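Hello,

Here is the structure I promised to pass on. Please open it first, and then read my notes below.

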Amino acid sequence: MNFNSKNPFLSDKRFSSNAVSKAEEVHHAQIIDYNQDMTISGTINKTAILFLLLCAGAMLTWWMAFNGMNAMLPAIGGAIVAFVLVLISAFKPQASPYLAPGYALFEGLFIGGISAIFEARFPGIVINAVGATLVTFLVCLGLYKFKIVKVNEQFRSVVIAATLAIATYYLISWIVSMFTDYTPVHHGNSLMSIGISVFVIIVAALNLFLDFDQIEKGAQQRMPKFMEWYGAMGLMITLVWLYIEFLRLLSKFASRD
């Protein structure tokens, strides 16, 4: 069974279609400028830029929330706009250099609002969630770089299947809870709920390996330069997911005290 990356930005189909485009350029004897090819270092730089923009947006809604202003409107608006930009970029990767910075900024508005809510209820939780996300990212990057964890088809299939299962469960739980009094088992601070959060975090972390692998493959195939923004945007989506799940897990532990 062959699965692609759960992240629409980092799917094999996207990178393969651009590889065909590259092959056509060579076939027509066009001059190739290797400075216009996707590189790992270039993707890292783009990821850093997006991270700074996300932090800027988050600081804005964070400041609003802790200065008595209503930060939920920009937070919700940011989430909607960020989602729309994700959809557009998924169908038009060549627009990523323009859409990715906007995504990071608007997603930051959402992250800042959500973080402020958790911080107000559980002081100190945000710095712990940020630290846990950063440590997880660095550990996964080290494991991938030194080939301790290798991404093969079996690994890919298991991670994608687990990710799809989580997404399906969240979607069904949300729909059912909207029309009934049903409380999803991942809500609350029970041991079952904590166990589910731990499982989701593990799956989110494993998705980082898929992201690293697809970015590396894109660089090896000399994808167009705009794919650096595309890959960086996809990696940021996974990191945001991981951060939110850490917030949820830590809040469950804190509420049990």
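Helix α8 has 29 residues and spans 42 Å from first C-alpha to last, close to the 42 Å expected at 1.5 Å a residue (the expected span is 1.5 Å times one less than the number of residues). Helices here are DSSP runs of H or I with at least four residues, numbered from the N terminus. Before going further, note that this is a predicted model, in which local features need pLDDT of at least 70 and side-chain atom pairs count only at pLDDT 80 or more, while totals for chains, interfaces and linings use all residues. Residues are numbered from 1 along each chain as its sequence is written, and side-chain values use heavy atoms, leaving out hydrogens and water.

Of the 29 residues in α8, 22 are buried, meaning under 20% relative accessible area with a 1.4 Å probe, protein chains only.

Beyond its neighbours within four places in sequence, F212 is in contact with F137, C140, L141, Y144 and L235; contact means heavy atoms within 4.5 Å.

Helices α4 and α8 pack at an angle of about 5°, their axes 10 Å apart (axes are lines fitted to C-alpha atoms over the stretch in contact, with angles from 0 to 180 degrees between N-to-C directions). That makes α4 roughly parallel to α8, a label for angles under 35 degrees.

Best wishes

Key: Helices (H or I, at least four residues) and strands (E, at least two) are DSSP runs, numbered from the N terminus. Buried means under 20% relative accessible area, exposed over 50%, partly exposed in between (1.4 Å probe, protein chains only). Angles under 35 degrees count as roughly parallel, over 145 as roughly antiparallel, 65 to 115 as roughly perpendicular and the rest as oblique.
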